[in-house]
Protein chains: 2
Amino acid sequence: MDTPLTRKLNNFVRLSAMDEGLIADVLEPPRLVEARVDIVEEGEIPRTVNVILSGWACRYRQFEDGRRQIISLLLPGDCCDPHIPLLDRRDHAIGALTQVSVARIGGSAMAEIMARSPTLSLAFHREALAGAAIQREWTVSLGRRSGAERLAHLFCELHARLRAVSLADETSCPMPLTQPDLADALGQTTVHINRTLQDLRGASLLTLKGRRLTVLDSASLCQLAKFDPLYLHLGASRMASRHALPSGPDRPGVADRLP
Amino acid sequence: MDTPLTRKLNNFVRLSAMDEGLIADVLEPPRLVEARVDIVEEGEIPRTVNVILSGWACRYRQFEDGRRQIISLLLPGDCCDPHIPLLDRRDHAIGALTQVSVARIGGSAMAEIMARSPTLSLAFHREALAGAAIQREWTVSLGRRSGAERLAHLFCELHARLRAVSLADETSCPMPLTQPDLADALGQTTVHINRTLQDLRGASLLTLKGRRLTVLDSASLCQLAKFDPLYLHLGASRMASRHALPSGPDRPGVADRLP
DNA sequence: CGCAGTGTTGATGAAAATCAATCCCTGTGG
DNA sequence: CCACAGGGATTGATTTTCATCAACACTGCG
């Protein structure tokens with residue numbers, strides 16, 4: 001069966017038909033969650049794994065004073081913590097950004113297929129490690145990348161991740177995030193995101209309209225973002241590493257085209 | 001055998017004497033790494049797990065233009081990625097911040113003890129999940145906490161983590177990080193860290209001298225930082241949750257004492 | 001002694017937040 | 001079909017936070 005989950009896991013290990021069958025067996029019937037509704041709430045005791053089948057969600061944390069930080073973005077095929085049932089309580093919430101279809105895998109069913117198929121076990125482990133690597137990259141972005149670099153980097157990442165589950169073409173992909181969403185993901189304000197976005201458009205790096213992102217100048221965008229797809233661990237084979245900056249700090253540089 | 005590693009894992013599950021013995025058996029003889037030297041380098045193919053026995057290290061990433069971001073801090077008892085041998089190549093480096101003593105566990109030995117002892121397997125898994133949770137919290141800090149909040153939060157976290165391995169007392173702990181280190185961890189400049197530090201000292205929240213941090217007003221520090229130790233998943237039992245903000249956005253607030 | 005890394009200070013400028021209006025879609029109900 | 005509501009996008013003016021630049025003091029150490 002071809003689901004975003006199997007497509008994603010196939011980036012990490014080649015799954016056998018039997019593996020895919022095992023997954024299909026344990027995936028409970030999906031439920032729909034409307035945009036802005038929580039899929040799981042903070043403080044819950046985790047018992048099941050949730051898999052995103054369609055739509056976008058995010059982990060987030062909100063302070064009492066209203067400040068919100070999106071901690072990570074969950075795209076189709078992503079599973080919310082394959083191993084989370086091991087922990088005590090959830091320290092963050094997961095919310096739907098668009099309408100989302102999620103399927104659960106019971107904690108014990110999960111343990112069972114991991115025990116049954118070493119390949120699946122490896123796949124889920126790698127999925128988790130890749131997720132951790134993405135989280136580290138976000139730390140780098142928030143800590144040391146400028147506004148324009150952050151935005152560019154996020155777009156590069158999302159495009160690559162969507163390609164890995166066949167939801168993007170060579171130069172464009174869906175982009176349902178609103179500017180407030182982008183602001184909360186990148187630790188900035190919507191006003192500032194808006195202006196940075198205009199800079200990127202002005203430099204002819206991309207267009208963004210109708211909830212769709214089109215990358216006009218991939219090489220420059222990657223270079224500006226210092227985007228190196230290695231951290232996604234999606235398997236060198238299919239990664240368009242062609243734009244991975246061949247380094248050399250001294251090149252024309254898009255930065256000149258930005259204000 | 002009592003090592004920082006077993007002390008740390010005991011926060012997640014109670015290890016049997018046999019489990020501790022298994023660990024002792026697979027820990028290779030430690031090696032010393034001097035401050036500012038890499039323990040593992042970016043791009044390496046991971047084969048072994050490294051455990052910090054003493055000293056502090058960090059994951060970090062450095063751009064060609066000199067900007068450096070410390071991605072996470074590794075304290076005694078922390079292991080650098082118990083499951084990392086599953087991935088292709090390292091996307092970041094790990095460097096020693098002080099002189100560090102590290103012991104390796106061979107990849108196959110690791111797999112073997114995990115297979116042999118379900119308790120150990122669970123412990124290492126939880127260790128990894130707790131590490132991921134810390135990484136998420138850093139994302140929140142870098143994205144939405146102000147300079148003073150960030151610094152306060154980091155100090156709260158480090159103090160709690162050190163307590164979990166019996167390296168801190170009730171109100172103080174070693175703090176070998178230099179101001180440049182703090183700056184690279186918190187995504188700011190050393191000048192700004194210096195000034196923020198003065199604010200925290202000025203508000204009588206802490207003292208920091210001779211590479212030792214002393215918390216003078218733990219409740220206020222936690223409140224300022226919005227520090228909730230839940231995310232460390234160190235086991236409710238021993239966590240000093242007493243200062244976990246009982247919430248209520250309307251209280252005196254230390255913030256008033258800061259400039 | 002002198003050096004290097006660290007900590008500190010002041011002056012200045014850039015990046016981003018904040019405040020406050022619009023404007024513009026898009027879906028909804030009359 | 002149109003008016004309306006509401007979220008999203010955009011703009012300008014202003015303030016705050018933080019970075020940058022440039023000294024200089026302190027400390028441990030060869």
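The residues of the surface near DNA strand C divide into 3 nonpolar, 9 polar and 5 charged. Here Ala, Val, Leu, Ile, Met, Phe, Trp, Tyr, Cys and Pro count as nonpolar, Asp, Glu, Lys and Arg as charged, and the others, Gly among them, as polar.

Before going on, the conventions. This is a predicted model, where local features need pLDDT of at least 70, side-chain atom pairs count only at pLDDT 80 or more, and totals for chains, interfaces and linings use all residues. Residues are numbered from 1 along each chain as its sequence is written, chains are lettered from A and ligands numbered from 1 in the order in which they are written, and side-chain values use heavy atoms, with hydrogens and water left out.

Now the polar contacts, meaning pairs of N or O atoms within 3.5 Å. A polar side-chain atom of Arg195(B) lies 2.3 Å from a base nitrogen of DNA strand C. Arg201(B) places a polar side-chain atom 3.2 Å from a phosphate oxygen. For Gln179(B), a backbone N or O atom lies 2.7 Å from a phosphate oxygen.

Last, the sheet in chain B. Four strands form an open sheet in the order S1-S8-S3-S6, with antiparallel pairing; pairing requires at least two bridges found by DSSP.

How values were computed: Helix = DSSP H or I, 4+ residues; strand = E, 2+ residues; numbered from the N terminus. Polar contact = N/O pair within 3.5 Å; in protein donor to acceptor, adjacent residues only side chain to side chain.
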